[in-house]
Amino acid sequence: MGDHFEKGQRALLNEGEENEMEISGYRTQGCRKTLCLAGSIFSFGILPLVFYWRPAWHVWANCVPCSLHEADIVLLRTTDEFQTYSWKKVMWIYLSALNSAFALTRDHSLITDEQCIINRALRKTDLKVRCIKVQKIRYVWDNLEGQFQKIGSLEAWLTSAKIHLKFGSGLTKEEQDIRRLICGPNTIDVEITPIWKLLIKEVLNPFYIFQLFSVCLWFSEDYKEYAFAIIIMSVISIALTVYDLREQSVKLHRLVESHNSITVSVCGRKTGVQELESRFLVPGDLLILTGNKVKMPCDAILIDGSCVVDEGMLTGESIPVTKMPLPKMDSSVPWKMQSEGDYKRHILFCGTEVIQAKGASSGNVRAVVLQTGFNTAKGDLVRSILYPKPMNFKLYRDAIRFLLCLVGIATIGMIYTLCVYVRSRELPEEVVKKALDVITIAVPPALPAALTTGIIYAQRRLKKRGIFCISPQRINVCGQLNLVCFDKTGTLTRDGLDLWGVLPCSKNGFQEVHSFASGRALPWGPLCAAMASCHSLILIDGTIQGDPLDIKMFEATAWEMDISGADFHLKGVPAHAVVVKPCKTASQVPVEGIAILHQFPFSSTLQRMTVIVQEMGGDRLAFMKGAPERVASFCQPETVPTSFVSELQIYTTQGFRVIALAYKKLELDHHIMALMRDKVESDLIFLGLLILENRLKEETKPVLEELISARIRTVMITGDNLQTAITVARKSGMVSESQKIILIEANEMTGSSSASISWKLVEEKKHLGCGNQDNYINIKKEVPNNDREGSYHFALSGKSFQVISQHFSSLLPKILINGTIFARMSPGQKSSLVEEFQKLDYFVGMCGDGANDCGALKMAHVGISLSEQEASVASPFTSQTPNIECVPHLIKEGRAALVTSFCMFKYMALYSMIQYVGVLLLYWETNTLSNYQFLFQDLAITTLIGVTMNLNGAYPKLVPFRPAGRLISPPLLLSVVLNVLLSLSMHIVGFILVQRQPWYSVEMHSACPVKNDSISKLTIPTTVPEKLGNISAFTSFENTTIWFLGTINCIIVALIFSKGKPFRQPTYTNYIFVLVLIIQLGVCLFILFADIPELYRRLDLLCTPVLWRVYIVVMLSSNFIVSLIVEEAIIENQALWMIIKRCFGYQSKSQYRIWQRVLANDPSWPPLNQTSYSGMPSCGRGVSYSNPVFESNEEQL
């Protein structure tokens, strides 16, 4: 169905992006629609309900396939593993609506511009555009390309020159109106979903529909009490869910509502500057930024002036970022490609705050609107919350399969019931009721509710620890984590950096280290000037703000910062420039101050920043600051000391953060803006090294030790220097002293030489050996033979990771098996790395402070943000405590919640099977349990157990293996099957034995003697037969026996299935649960032995001899002992399962396990002190070495 397609009927939407979808065209057909309408009426609304659950079926039933060009309905299917379907109507936008405002003709400049997407989307004959709206984004039909294209942003092919020329003077009123109509308003609308909508959506859940069916059936059978109980529980559950969803909706609405009501200044081509509400902005509008503290209502390209922006909303780190104007370059390359380094340094992102705007020569700060609405950075963040990535967790898929198995079992029971009752010539309506009853018994309606209680309790416990969760279902996934990635700075190490000292450089090499702890001021010179001026600090309300590293560096100089006023006159220095001056107490400083004229801001891609400054009454200089290896490459070779590599290594191996400084003199007659970055950043003079201390957080080492001892892999992903990362990995215990680190270096193709990859063992000793200038790490040349006995960890940089991904993809999985340290990683590379780990079937956690980690936090199975900034909203978990202690807590609670889910699933399955077996046995005698008997089992026993069984907290110690992640695993299935067989055996034995008792008679309705004589004197004539008129139709000795066996067995099963160690607190610590079991067992035994006629009459029970009651207790005790032995000696016996696995040759199917098994014993891996080239036959045929740190028993079933 839906597989026959015409040419051009299918295409990809957002190709290559995270939200890629397959789009198919369909045309509504009248006759099909009529048939579906008739089906809806005759099925009493069941057909629309099925269509609601299965959107694809709705389209296939109502429509016929056609080309996308002709479609009025499109069917969308995600291309990920979930393949989720949805459908959208194709709408029309009529440009004729603008005729009232101005005379719109087909020769309008915007309509005739063939390169413009609006031109290609417009149907010229009647001036209208076809569009669809998917996940808040509008797409228009591109007639030229024959596909739907995203609208609401400037075309990607535009060059910087085109942007300046086309939009530098603003748009005309007509252009604004056309763009506004087609692109839609610049709003991030998150409407507060009405309660009735949330209610309907929740009620239409298949689970609640099944409950409705069950309740209706029970009412028809006068089983009102439990029906009311289920209704009350369902109403409470629905109310809580709707309240929670409503709260989230309100919270998100408040997060974005201020965005839609910002007033901005827009420059029109003919109208000049005018105030405008931000919702009227369109791509191409020219914004005039005035004043400070301006919230950006859209993404915009800065084309004139510079801005200092707080991007905390995007990165989670409130550090001011300097934005530079897009240079006007004569190049045919798209503007994003022609910008050296990161093009984002020209973009003012939506939702960020412009702290300071500085105009250039023209006086105004101007920016061209790049993207509007949900196309913006903030819109993308909000969409990631509205449409989160679906979670693929086998537990939930297995739960559905298990429920389907129960439905299959129920179907067998229905057939059996029909045969028995039809043979007994019962009334048809009674036969149908009895048959349907079997479904509600075999598939308990309370099952999904019982499964979620464990997650709710876990969420509450996490909240008490300051860990907040926006995706509760992911708590269970936490229990399966076997690899956790950590950011370094701010996560493993402290946020702040302490300035330890500076290593000045002269012609003769490095001088003595100047320590700032001594209190001595740094002598005047280019190095002091560089520290005072080479930064992106700003002055706001008398307070210096900026990167912590820059602040520490500037404070060490004891200089002051000021802003040049209007009366400040110095050749080439603009008004309101940042000026740094020596403080009054400073002596022997020959300059009055230094004015910062221009900045080339720091970029993580370029790993450096440069400033052009003017000494008052002195020279014009350029200063550079950045990663030592990068800065040294821009310096004159003779100015870089010969001991540069060894000196750098001395400090990086001790875990210091090292920054290099350099400078050069510039000609005064050059115009600053005319200077290209590559001209400024050449032939520099090396000044020295700035040494900063980045200390580990106190909690880091114990937490990593706890994770490693639990055989959970720990990986570091940082943007910092590779050697610093290696040292932090050593100090934190991520890599122990006995383990070796192998440095992997991969280089891109250069000219005739192909891409290469080399493997070198990192030297542990800190001797001053000669190193490779590309990485500044001592390399051990000889490898002792016994090194193979140790374990290896791979360390590599982001550049190497990129080259390996592109040219050595066959080696990537093998490297990731032991890859522990990943340095100089960009935000995009962090996300890619997490995804690559997931491809190896690891359950990946990512913990970061929000800065540059947002993508990886969203990509991971479990993202834990240590930042409370707006950006972290997209992370499933947020910790108020800014250290990694939250990670083991989360894993422990996840494991406890997962085990609780299994316990509840097993218990609910057993409870339903116990009832099912009992009822089917009674059906054989055309009998069943009465309403009060069902009520006692359902409400007094099972409901109370379901609520209290999940209260066990997490076990405080992380054990070195994980709970099973699947329901359909041999131990769990065997546990359920064996317990079902035990219960079945006990019920059958009880059923047959009672019929063989000497006092048993079908006509008898009591087997109790008149007096309390001994059982041996009991004869039938001494009993007092009760009149049939007072006896219920349910009463029989079989009924009484089956009910007692089933009810007490439910209590026994709860005790056996309530697991404690090693993942949950022992059962005896769950006082409420233990108390409930004791009370329930006491009440049941009291009823069994009480001999209270009125109580027996109410519960439709018959009085039996005391000896038979003792037999019932013996049967139950035997069942308990056998069940306990089976559970403890077989099901929970890990050693036994390992033996069984070995005997049957079972091996894990996880990709990382396959790699370890296939490649573990090859002596040629890892290929130390070797270099391979792409295209070599041997390249990529190495073998993986299994890391003993992670020998997880995750497949211990």
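Biologist: Two strands pair if DSSP finds at least two bridges between them. With that in hand, which residue stands opposite L287 in β13?

Modeller: That would be V266. Keep in mind that we're looking at a predicted model. Strand β11 (residues 263–268) and strand β13 (residues 286–289) pair in the antiparallel sense, with three bridges between them.

Biologist: What order do the strands take in the sheet with β11 and β13?

Modeller: The order is β12-β11-β13-β20-β15-β18, six strands in an open sheet with antiparallel pairing. The edges are taken by β12 (272–277) and β18 (347–348); each has a single partner strand, so one side of each has no neighbour in the sheet.

Biologist: And where does β14 sit?

Modeller: In an open sheet of four strands, ordered β14-β19-β16-β17 and paired antiparallel. Both β14 (294–295) and β17 (320–323) are edge strands with one partner each, so each of them has one side left without a neighbour in the sheet.

Biologist: How many bridges join β14 to β19?

Modeller: Two, and the strands run antiparallel, with β19 covering residues 353–358. Within that pairing, K295 faces E353 of β19.

Biologist: Let me step back a bit. How many helices and strands does the protein have?

Modeller: It has 37 helices and 44 strands. The protein has 1197 residues, and 55% of them count as buried. Taking contacts with a separation of 6 or more, 73% are between residues 24 or more positions apart.

Biologist: What about confidence, where is the pLDDT below 50?

Modeller: The average for the protein is a pLDDT of 80, and 85% of the residues score at least 70. Residues 1–5 are one stretch below 50, with eight contacts beyond near neighbours in sequence. Another is residues 1011–1031, also below 50, where the model has 21 such contacts.

Biologist: Good to know before I set anything up. Is β37 enclosed or open?

Modeller: Strand β37 (residues 756–762) has seven of its seven residues buried, so the rest of the structure largely encloses it.

Biologist: Which strands does β37 pair with, starting with the one at residues 740–747?

Modeller: That one is β36, which pairs with β37 in the antiparallel sense over six bridges. N747 has S756 of β37 as its bridge partner. Strand β44 (residues 1170–1173) also pairs with β37, again antiparallel, over four bridges. There, S758 stands opposite T1171 of β44.

Biologist: Switching to helices. Which residues of α21 are buried?

Modeller: F644, V645, S646, L648, Q649, Y651 and T652. That is seven of the nine residues in α21 (residues 644–652), a helix that is mostly covered.

Biologist: What covers the buried residues of α21?

Modeller: The cover includes four strands and helices I'd start with: β23 (498–506), α20 (628–633), β33 (656–666) and α24 (722–732). The strands β24 (509–510) and β34 (685–693) are also among the covering elements.

Biologist: And α15, how far does it reach from first C-alpha to last?

Modeller: Helix α15 (residues 428–442) spans 22 Å with its 15 residues, close to the 21 Å expected at 1.5 Å a residue. Its buried residues are V431, K434, A435, D437, V438, I439, T440, I441 and A442.

Biologist: At what angle do α23 and α29 cross?

Modeller: Roughly 35 degrees, and the axes of α23 (residues 700–709) and α29 (residues 886–924) come within 9 Å. From α23 the contact uses V703, E706 and L707, while α29 brings V887, P888, I891 and K892. By class, five of the contact residues are nonpolar, none polar and two charged.

Key
Residues are numbered from 1 along each chain as its sequence is written. This is a predicted model: local features need pLDDT of at least 70, side-chain atom pairs count only at pLDDT 80 or more; totals for chains, interfaces and linings use all residues. Side-chain values use heavy atoms; hydrogens and water are left out. Axes are lines fitted to C-alpha atoms, for helices over the stretch in contact, and angles run from 0 to 180 degrees between N-to-C directions. Contact means heavy atoms within 4.5 Å. Ala, Val, Leu, Ile, Met, Phe, Trp, Tyr, Cys and Pro count as nonpolar, Asp, Glu, Lys and Arg as charged, and the others, Gly among them, as polar. pLDDT is the predictor's confidence in each residue, from 0 to 100. The expected span of a helix is 1.5 Å times one less than its number of residues. Buried means under 20% relative accessible area, exposed over 50%, partly exposed in between (1.4 Å probe, protein chains only).
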